[in-house]
Amino acid sequence: MTAKRFGIARRVALGASALGLVLGLAACASEAPRSKPSADPEPKSTEVAETFPEPEAAPVLLLASLAKKAELAVIDPSLPDADAGVRTISVGGAPWGVGVHNETGTAYAATSEGLAVVDLAAGKRTALVQYQHPAPMQSVGEYRPGGLGLAVAPDGSRVYVAVTTGDGKDNLEVFDTAEGAFIGSVPVGMRPFDVLVAPDGSWAATVDHDGFTVTVVDAATLKPTQHTVAPFGTEGGLASWEKPHYGAVDADGTILLPYQGLVVARLDPLSGSVTTLKSKANSHSHGTALAGRKLLTVGTGAFGNASGEPNLSILDLDSGNEQVVPVSPPHETVAVWTDAAGGEFAALGGGNTRDEGWDGLTLVSLADLSVRSIPVPGYPQVVVPFAAR
């Protein structure tokens, strides 16, 4: 990516010819005859401060799992719509969760075949590691077995992958990035759509969609603790719509879980205590992400006790103020993308799990709420930002 494309200002250093001229004049002044050498002060030296260009900030791109392909898509929203899909990277069948460790430029994707390890600079998969609980078959769609949610530890030492075999016995598997192998596995709740990690890396947690639970796993001991989080109860079981899908982690480690565009549950992962914050989005909640103190949540429409249309909720966690932006068709997840000027946008993945989405992303400006569509073939499901190297 060039600095020109992203509009990055450069500071111009003093040219070599100009520097030589200044130093030459200084030398001539020091050689001029002096009438009273002992009385003259020492000649003043002329110093030129050396300047350097400011380092360019790495442009922020988006990485999306293509649920109906075996690829990830690299997307540059700063480009025109037709050019924004920069490239695709083959990773393995029906990828779901995806994460990036920016310091190493490594991405990880939870596919139906195994965990894909990707070198983003080279644009290629470097490994496909079989799960400890491999899928018994290969398929696509919401109910396919294989890897679901995924999260990378803050220091990049581990990748946590939620894996389902389709028989109701699901696990969180722990991948050691230095060893290049899975080193542990922990039973969790049913169909763990999402995986979250503590800001300090002390725990990982699965959002267990069909279990009405969040399973918190101690990073040191791998001991799991399961918390039921069901603001509307568990009536209806597997047929209920009032279940958790995705979550976000606040800076203090609180887990934020939106339900039906009606409430956001705040879970203390250690004590299990739950409080709620009201929402007026009134739309079946799926993906969520934090932009500072604003919680962004994708609503997919009227299901269960939600009766509204597909939308994006922008909820201020401190004031409770909320903006609701209509978006159609439904979307699955949301990430925060920042342009070169510092403008923030919600990037919504169009590949809805129920096949009601579309082949693309929707970009919503958090400043003026303007909406833009970017075509991305392959049903982009989970979207994450990353800094290009």
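Reader: How many residues lie between β6 and β7 in their hairpin, and which residue in the turn has a positive phi?

Author: The model is a predicted one. Strands of a sheet pair through backbone hydrogen bonds, either parallel or antiparallel. Here four residues separate β6 from β7 in a hairpin, and G123 in the turn has a positive phi of about 70 degrees.

Reader: How many bridges join strand β6 to strand β7, and do the two run parallel or antiparallel?

Author: β6 (residues 115-119) and β7 (residues 124-129) run antiparallel and are joined by five bridges. Within this pairing, D119 stands opposite K124 in β7.

Reader: What is the strand order of the open sheet of four strands?

Author: The order is β24-β25-β26-β27, and the pairing is antiparallel. β24 and β27 (371-375) are the edge strands, since each pairs on one side only. From one strand to the next, the twist averages 25 degrees.

Reader: Which residues make up strands β25 and β26, and how many bridges join them?

Author: β25 spans residues 344-349 and β26 spans residues 360-365; five bridges join these antiparallel strands.

Reader: Where does N352 lie relative to β25 and β26, and why does N352 count as buried or exposed?

Author: N352 is found in the loop between β25 and β26. Burial is judged by relative accessibility, with under 20% counting as buried. N352 counts as buried because its relative accessibility is 1%.

Reader: With which side chain does the side chain of N352 make a polar contact?

Author: The partner is the side chain of E332, and the contact is at 3.3 Å.

Reader: Turning to the largest pocket, how many residues line it, and which lie nearest its centre?

Author: The lining comprises 36 residues, with V98, A151, V195, V384 and P385 lying nearest the centre of the pocket. The space in this largest pocket is about 1,100 Å³.

Reader: Which strands each supply at least two residues of that lining, and which gives the largest share?

Author: The strands that each supply at least two residues are β4 (98-101), β8 (146-152), β12 (192-197), β16 (248-249), β20 (285-291), β24 (333-338) and β28 (380-387). The largest share, five residues, comes from β12.

Reader: How do the lining residues divide into nonpolar, polar and charged?

Author: The lining of the largest pocket has 26 nonpolar residues, eight polar and two charged.

Note on methods
Residues are numbered from 1 along each chain as its sequence is written. This is a predicted model: local features need pLDDT of at least 70, side-chain atom pairs count only at pLDDT 80 or more; totals for chains, interfaces and linings use all residues. Side-chain values use heavy atoms; hydrogens and water are left out. On a 1 Å grid over the protein atoms alone, a cavity is a set of points where a 1.4 Å probe fits but cannot get out, and a pocket is an open set with protein on both sides within 12 Å along at least five of seven lines; lining residues have an atom within 4 Å of a point. Grid points are joined across faces, edges and corners, and a volume is the space filled by probe spheres set on the points. Ala, Val, Leu, Ile, Met, Phe, Trp, Tyr, Cys and Pro count as nonpolar, Asp, Glu, Lys and Arg as charged, and the others, Gly among them, as polar. Two strands pair if DSSP finds at least two bridges between them. Axes are lines fitted to C-alpha atoms, for helices over the stretch in contact, and angles run from 0 to 180 degrees between N-to-C directions. Buried means under 20% relative accessible area, exposed over 50%, partly exposed in between (1.4 Å probe, protein chains only). A polar contact is a pair of N or O atoms within 3.5 Å; within protein, one must be able to donate a hydrogen and the other to accept it, and residues adjacent in sequence count only if both atoms are side-chain atoms.
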